[in-house]
Amino acid sequence: MSLETLGRGRTKVGALTGNVVITQGSLAIRADRISFKQNADNSLAVTAFGNPVTFRQKRDKVDEWVEGFAERAEFDDRDDVLKLFNKARVKSNQNELTGEFISYDMKREVAEVTDAMEHARNNIGDELERFAANTLEYIQHEAKVTFEPL
């Protein structure tokens, strides 16, 4: 496993590669590669990639586990929602959901299947904002490496 990090003021970004396992409480996410962003308020946003990405979490107040699988997963601990993309599947006890996009609300312990196009339409602004922020951060980092004298 390897780790790369880049600190920008009070926000930290990084990536883990290899057989990556991250945990928070009873939640465990396993992936081939994970990129993360830790915000100034200590909240953590994670994007995981794998073949597949898997997660497992113990349900509150019952002796059951929820498990999920997908090619990509996103988790933001500010809202405790895990988003599974591409060949997504969530299992709990005798119940199973499959689809191209599944949103799992960990606080409410509710999983919802949404059409991928509907999700993309509803979240295009957020995705473009995240893309722009990542692009600017990359340019700022590369400009320092490229243009600073040795």
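Ser43 is buried, at a relative accessible area of 6%, where buried means under 20% (1.4 Å probe, protein chains only) and exposed means over 50%. This is a predicted model, so local features need pLDDT of at least 70 and side-chain atom pairs 80 or more, while totals for chains, interfaces and linings use all residues. Numbering starts from 1 along each chain as its sequence is written, and side-chain values use heavy atoms, with hydrogens and water left out.

**Exercise 1.** Work out where Ser43 is found and which residues Ser43 touches.

*Solution.* Start with the place: Ser43 is in the loop between β3 and β4 (strands are DSSP E runs of at least two residues, helices H or I runs of at least four, numbered from the N terminus). Next, list its contacts (heavy atoms within 4.5 Å): leaving out residues up to four places away in sequence, Ser43 touches Lys37, Gln38, Asp77 and Arg78. Finally, check the side chains: those of Ser43 and Asp41 make a polar contact of 2.6 Å (N or O atoms within 3.5 Å, one able to donate a hydrogen and the other to accept it; residues adjacent in sequence count only if both atoms are side-chain atoms).

**Exercise 2.** Trace how β3 pairs with β4, and β4 with β5.

*Solution.* First, β3 (residues 27-38) and β4 (residues 44-58) pair antiparallel over nine bridges; pairing takes at least two DSSP bridges. Ile34 sits opposite Ala48 in β4. In the turn of this hairpin, Asn42 has a positive phi of about 75°. Then β4 runs antiparallel to β5 (residues 65-76), joined by 11 bridges. Here Phe49 has Arg72 as its bridge partner in β5.
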